[in-house]
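Thank you all for coming.

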Amino acid sequence: MVRITEDMVRKRAEHNEMQISTLEEVSLHQQDIEKIEFLDKWCRDLKILYLQSNLIPRIENVGRLKKLEYLNLALNNIERIENLSGCESLKKLDLTMNFVREVTSIESLQDNYNLREMFLTGNPCTEYEGYRQYVIATLPQLERLDGKEIEKSERIGAIQDFHAIRPQILEQQREYQLKRVSRE
């Protein structure tokens with residue numbers, strides 16, 4: 001298992017005179033990392049964190065990164081959106097090409113008031129009928145979803161249809177889970 005090490009982070013801090021405590025941006029992409037750890041202790045000032053193209057199955061140990069504005073976790077093994085409520089400055093979240101099937105896990109982002117842009121392209125949940133409307137109604141602070149601007153009329157329609165869409169989403173998630181279990 002590849003772990004995030006202090007040495008690994010220091011090597012990416014050459015522009016910061018090898019100081020990791022004041023590091024605002026770190027790129028740990030394509031390292032075969034399997035767990036997010038230590039960054040919330042070592043790099044409390046992080047604003048930008050690139051972790052794309054790794055083997056990370058869970059979003060964890062980032063909740064204390066209060067200044068984090070952009071988190072890129074594209075091309076990992078993430079199945080649900082969780083543990084981001086403490087990231088109060090988060091503006092952009094990229095989860096492109098993961099395994100998020102539980103779209104209702106986005107409800108955990110409702111208190112991320114600064115979240116303006118999110119990418120879920122290439123996740124199983126984007127195939128659900130009503131996916132876009134559900135996300136737009138659930139996260140009114142979003143301005144862009146999957147690279148496409150959210151129009152005011154689209155938001156109004158999504159909010160009006162929310163009570164009809166949510167049960168459909170829950171049923172589709174359940175069906176997807178049942179199919180997945182039967183394949184195992």
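Let me start with Asp32, which is partly exposed, its relative accessible area being 45%; since this is a predicted model, please take every value I quote as computed from it. As background, most residues other than glycine have a negative phi.

A second residue belongs beside it in this discussion. Asn61 also has a positive phi, near 60°, and is likewise a residue other than glycine. Asn61 is located in the loop between β2 (48-50) and β3 (70-72), and with a relative accessibility of 30% Asn61 counts as partly exposed, because that class covers values between 20% and 50%.

Now to the interior. In soluble globular proteins, nonpolar side chains tend to be buried together. Here the largest nonpolar core comprises 51 residues, and within this core the residues with the most contacts are Leu49, Leu84, Met118 and Val135. Two or more residues of this core are given by each of α1 (6-11), α3 (131-138) and α4 (152-183), with α3 providing the largest share, five residues.

Which residues does Leu84 touch, if we leave out those up to four places away in sequence? Its contacts are Ile59, Val62, Leu71, Leu90, Leu93, Leu109 and Asn112.

Key. Residues numbered from 1 in each chain as written. Predicted model: local features only at pLDDT ≥ 70, side-chain atom pairs only at ≥ 80, totals over all residues. Heavy atoms only, no water. Buried < 20%, exposed > 50% of the residue type's maximum accessible area, 1.4 Å probe, protein only. Helix = DSSP H or I, 4+ residues; strand = E, 2+ residues; numbered from the N terminus. Core = buried A, V, L, I, M, F, W, Y, C linked by side-chain atoms within 4.5 Å. Contact = heavy atoms within 4.5 Å.
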